[in-house]
Structures are given as structure tokens and as C-alpha cells.
Amino acid sequence: MTDTSADLVILGGGSGGYACAFRAAELGLSVTLIEKDKLGGTCLHRGCIPTKALLHAAEVADSARESSQFGVKASLEGIDIDGVNSYKDGIVSKLHKGLQGLTKAHKVNYVEGAGTLVDANTVEVDGTRYTGTNVVLATGSYSKTLPGLEFGGRIIASEQALNLDYVPEKVVVLGGGVIGVEFASVWRSFGAEVNIVEALPHLVPNEDEYCSKQLERAFRKRGIKFSTGVKFTGAEQTDDGVTVSLENGETIDADLLLVAVGRGPNTAGHGYEEAGVALERGFVRTDERLRTNLPGVYAVGDIVPGLQLAHRGFQQGVFIAEDIAGLNPPVIDEAGIPRVTYSNPEVASVGLTESAAREQYDKVETFTYDLAGNGKSQILKTAGAAKIVRAADGPVLGLHLIGDRVGELISEAQLIYNWEALPEDVAPLVHAHPTQSEALGEAHLALAGKPLHVHG
């Protein structure tokens, strides 16, 4: 067998893997990056990027359909799904080529093929062994389903939903988390009848309850149906459609059933257990510095318990590279990672929800600023709010936003949370007018005891 050595061998070329490779190369380390599919992983090819392209196409459709409210005479003739897919695939292709160029520019040794972890220093690909002083496991995640519910035919996962060559007339979405509500939003904008089934009490159940309720209200106005607090019991499909059964006895007929019940860690079949990597429920166990139980072996991204977000994996990859290079980077605060659901309306948050804050702190204060008082939001004709959670006489603990385009505000919110700012620190800052960022300014002004554009 050929033996190829490097300072760092990375198994998986998704957001976490390639970020680790690029940063390590910048720091002077030799890197071998192994990927069995396409560089960029799920996020670029089957997740973040293509879904957000669909969501933007959906926004354009809504703008045409609702143009009269802005005094513009336009009409929506229909959805050219081939054109939508061409637009989506073009973006993915361009970004993929860019990543390939960056890999060469960083002089990363890129290896195509399925890798197997042999031991703490070795990954084997097609009979060739690649050894590293350190190894990073970055094999990502897969679409989960429920026991007895198999993908196939009219029962699909998000990967198949991204590549449909038609707009279904009726869809049931099983799961009201981020993936589920984003696809529900797209299909409704494209003209489909959509019904979401969520076992937990609210849509986007990991968000602050206020935002969940506001999203549900907005979905009702859009005609998106949903059942919460009810469990799925079965699905039967025919040549003409699929019938979904719920525990309350209700049945729902549709053209398709999208299963969006979360993503599982892609750790099976890569030799992890055989090499001695400690797993828990399929996830790789790590310490706060992302080190596994094997010396010199790290794990990154969706295979590590916690938020399954591309930008989390990306930052973890940078962290690992810097840790290996001896820069001693600070541990990543999971609560300080921004979260965005790109539905219509968007939901964005960082830090603790109100309920989580009340569990950890004796006294908590909140303030919710309605976007009805924000000029730019009224120009956009979006409803929503900015909710701030703080420790009484202490720093901001969480920021929660809902409304069109609020995902663009999460960067400032992230700084406020991660720098442990007091509302009194934020209140003097000047926010450009008219922008939606003023909503954050107004909320902090109110918590600092000097509310301006606030009624009541």
C-alpha cells in the first residue's frame, strides 16, 4: 500500500471539513482532504444554498402576485420549475467551482473517494492509506425518517424535494422544524396546498415561543395548514397519491409526503467504532475543544451533538485548525451561534430563549418591539417583532426576531450577545434610518429605560 503523510488528514469536505483544511493550510500545515461526493457537502449541494435559492424564487413569485399593494400592476403567470431549477443549479455550480479553485490555491491535497478510519492517524481510500499527525472527522449528516416509514415513491426527503421537476398540488410536510417550514413556505408560494404535521406543541419548536406563535399566525394568513401536538401514525401511497394518518384519527390526502424530522449523524460505515472512536446515539463524543477520546483525532459539524448548522461546522473547522496549530482559540459558545429559518416570514435568533433564561437566572426582563413601529418594515409590508431577553440589571441573554429579511439583522444581534452587552451599551449606538436594524435599537432603548417609538 502507498503511504501518504500530512500534518492533517480530514475525512469529509463539507463546511466543517473544507474550512478546517483552508485555515490549516494558511497556518502552514500540510493537509489531505478526503471527500466521496462533491466538495462543499450537503450545505452547498443538497441543503443551505439550493433551498435558499428556491426561497428567493418563492419571494419573487409572492412579489409578483401581491404587486398591487405597492401600486405596481403585475401578474404571476405561473412557475417555470425548469427555470427555477436552472437558476438554483447555476448558483450551486458557480460556488462549487469557486471552492475547487480555493482548494488548489491553498495547496490542499484533495482526494476523491470514500474514506475509512483505520486508526488514530490513518484514513484509507481505495487501498491507499493517508496518515496524519492529526485526523479530523467531518462526515456530516443524512435525512432521518421514522420507524416503519421508508423513503420511496411519493414519500421523499429534502434531497428529492430540491430536484422535483413539477410543483405538487397538495403536500404534507412531516416535521415543523427549519427544513419543514422552509419547504412549506416555498411550495405555498408556488401555489401548492400545504399541511404541516408537528408532534411538538409549536412550529419551529426550538425557537422562543413568541416567535413560534407569530410564525404560526403568519402561516395561517398565508393559508398554510398545520397540526401541532399530534403524532404521525402511518402513510399509505398509491399511484395517485399518499394518505397520511395521525394519532387523532385524522387522515390527510396529498400528492407527496415530505419527511422532515431532522438529520442524523453520518458516522456508520466509516470505521469509527472499529478504530475505537466513542459514539453516543450515533454522534461522536467530544470535549469542548472538539477532541474525541482518541489522541489527535477531532470531530466537527453535524456528527458532533448540538446545532446542525453549516456555519457552526465552518467555525468549528477553523477552531480545530487553529487549535492544532497552537493558537489556543477560545471555546465556541454554542448559544452564541446565530440561527435563521428562511421561511416567509423569517425567524432569526441568538442566545437563550426566554424559557431557557428563566431556568438559568433568578430574574429576567424582556421587551418586544413590534415592527409596526419600524418605517422600513412598513415599506416592506411585513409584520413581526424584535424580542430581547436580558438578565435583570445584567447583559442581554437572547435576541429573537421574526419578519421579512430579519436574518440580515442577526449579525448585530450576535455581537450584542457574544460581547455580553448591556442594553445601556447598545442604546447609544446609531442605527441608520430607515432600516429594520432600528428595531434592535428601539428595543434596547426601551430596556435601557428610555423608550421612544413605543406605544402603551
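Strands here are DSSP runs of E at least two residues long, helices are runs of H or I of at least four, and both are numbered from the N terminus. With that settled, load the model, which is predicted: local features need pLDDT of at least 70, side-chain atom pairs count only at pLDDT 80 or more, and totals for chains, interfaces and linings use all residues. Numbering starts from 1 along each chain as its sequence is written, and side-chain values use heavy atoms, with hydrogens and water left out.

**Stop one: the annotated positions.** Select Lys52, Gly115, Thr139, Gly140, Ser141 and Asp302, which an unreviewed UniProt entry annotates as "binding site". They span 251 residues in sequence and the farthest two C-alpha atoms are 30.1 Å apart, so they do not all gather at one spot. The UniProt positions follow the numbering used here, feature names are shortened, and such annotations may be inferred rather than shown by experiment.

**Stop two: Gly140 and Ser141.** Pick glycine 140, in the loop that runs from strand 6 (128-137) to strand 7 (141-143). Show its contacts (heavy atoms within 4.5 Å). Skipping neighbours within four places in sequence, glycine 140 meets Gly264, Pro265, Asn266, Asp302 and Ile303.

Now step to serine 141, which sits in strand 7. Buried or exposed? Serine 141 has 9% relative accessibility, so it counts as buried. The scale calls a residue buried under 20% relative accessible area, exposed over 50% and partly exposed in between, using a 1.4 Å probe and protein chains only. Beyond four places in sequence, serine 141 touches Thr42, Arg263, Gly264, Pro265, Asn266, Asp302 and Gln308. Draw the 2.8 Å polar contact between the side chains of serine 141 and arginine 263. (A polar contact pairs N or O atoms within 3.5 Å; within protein, one must be able to donate a hydrogen and the other to accept it, and residues adjacent in sequence count only if both atoms are side-chain atoms.)

**Stop three: Thr51.** Jump to helix 3 (residues 48-65) and select threonine 51. Threonine 51 is buried at 9% relative accessible area, and its side chain makes a 3.1 Å polar contact with the side chain of lysine 52. With residues up to four places away left out, threonine 51 touches Leu162, Glu182 and Phe183.

**Stop four: helix 6.** Follow Glu182 and Phe183 into helix 6, where both are among the buried residues. Nine of the twelve residues in helix 6 are buried. Just after helix 6, click glycine 191, whose phi is positive at about 105°.
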